Amino acid sequence: RMEIVELARGRTLAVVIPEAGGRLHQLSIRDGNRWLPLLRSPASLRALKDDPIGWGSYAMAPWPGRIDGGRFLWRGRTHEAPVNSGGHSLHGRGGYLPWTLDARTAAACRLSVEFDAGWPFAGRAVQEIAVLDDGVSQRIEVHAARGSRFPAGAGWHPWFRRDVRRGEDVRVLVDAERVYETAEMIPTGWMAPATGELDLRGYPALAGRRLDVCYQDTRGALRVRWADIELTMRSSPNVTHAVVYTPARAVCVEPQTCAPDAFNLAAQGVESAGMAVVAPQRPLIASTTWRWTIGRLTR
């Protein structure tokens, strides 16, 4: 039986499941006399093991997005990660592993996980989740073990519901001018202007847009709006990228420190892809805070 950790403060309720990828299983906000769940979560917890990356919100570490073919070059050697999606390695290791609950209070918890053999370097991740009266703050740390040094990235992958306000289309704002050009879902290293359906600077309704795109050098907060409800996502300065994925069943707005396949891009000389290098006493640390309002929208 999975341990369920409930965190509550004021008008915010979070459900965390350490065993299921250390994920934020649900984030609910108080609207008058009822709770509104913002995340897509399964009716059965068993689905979290059958489909570990399609629910709730989870930390992506030690890399976000895809690694091309599950292989990357680092310090003159080719390393491999498990291929688990379309011939690629997807969303790191954290979302697939059980995390340990190290500490908790009524409104916050601290989790950790040692990377398994799916990551060719010795290291671990630490995650902190704390609810606020009007939101949730999250922090991820990627640590290298003694004698280890490796490339790294991190991010968060929320699956927001489209029907938080029934009958109202969801809107997304990403203030960025450029996106990564891709071939078979892998960045080529070239950039393209964020124009047409890729342009989210005007806070458009998503409607039938089917996006799976990474924005570079995002400015200010990312925003998601359901009619009179607005979620503002502000992150630490090293969170310079955002992926927006809009399947029919959900909306994913993913703040992250680097581009998909950043390790291979860095090996090709693309320094702007955001790859970090962690070593003992030099972890990668990133944070994001999501705050919500009802009835008071940002223009």
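D31, R34, R165 and D228 are linked in a network of salt bridges, a salt bridge being a side-chain nitrogen of Lys or Arg within 4 Å of a carboxyl oxygen of Asp or Glu. The model is predicted, so that local features need pLDDT of at least 70 and side-chain atom pairs count only at pLDDT 80 or more, whereas totals for chains, interfaces and linings use all residues. Residues are numbered from 1 along each chain as its sequence is written, and side-chain values use heavy atoms, with hydrogens and water left out.

Strands are DSSP runs of E with at least two residues, numbered from the N terminus. R165 is buried at a relative accessible area of 14%, while D228 is partly exposed at 26%; buried means under 20%, exposed over 50% and partly exposed in between, with a 1.4 Å probe and protein chains only. R34 bridges to D31, with the closest N and O atoms 3.8 Å apart. Here R34 is partly exposed at 47%, and D31 is buried at 18%. The whole structure holds 17 salt bridges.

Strands β20 (residues 219–226) and β21 (residues 229–235) run antiparallel and are joined by 5 bridges; two strands pair if DSSP finds at least two bridges between them. V224 has L231 as its bridge partner in β21, and R223 has T232. R223 also forms a salt bridge with E230, at 3.9 Å between the closest N and O atoms, and both residues are buried. On its other pairing, β21 meets β25 (residues 284–294) in the antiparallel sense over 7 bridges. Because 5 of its 7 residues are buried, β21 is largely enclosed by the rest of the structure.

These strands belong to an open sheet of 8 strands with antiparallel pairing, in the order β10-β11-β12-β13-β25-β21-β20-β16. β10 (100–104) and β16 (170–175) stand at the edges with a single partner strand each, so one side of each lacks a neighbour in the sheet.

Terms used. Helices (H or I, at least four residues) and strands (E, at least two) are DSSP runs, numbered from the N terminus.
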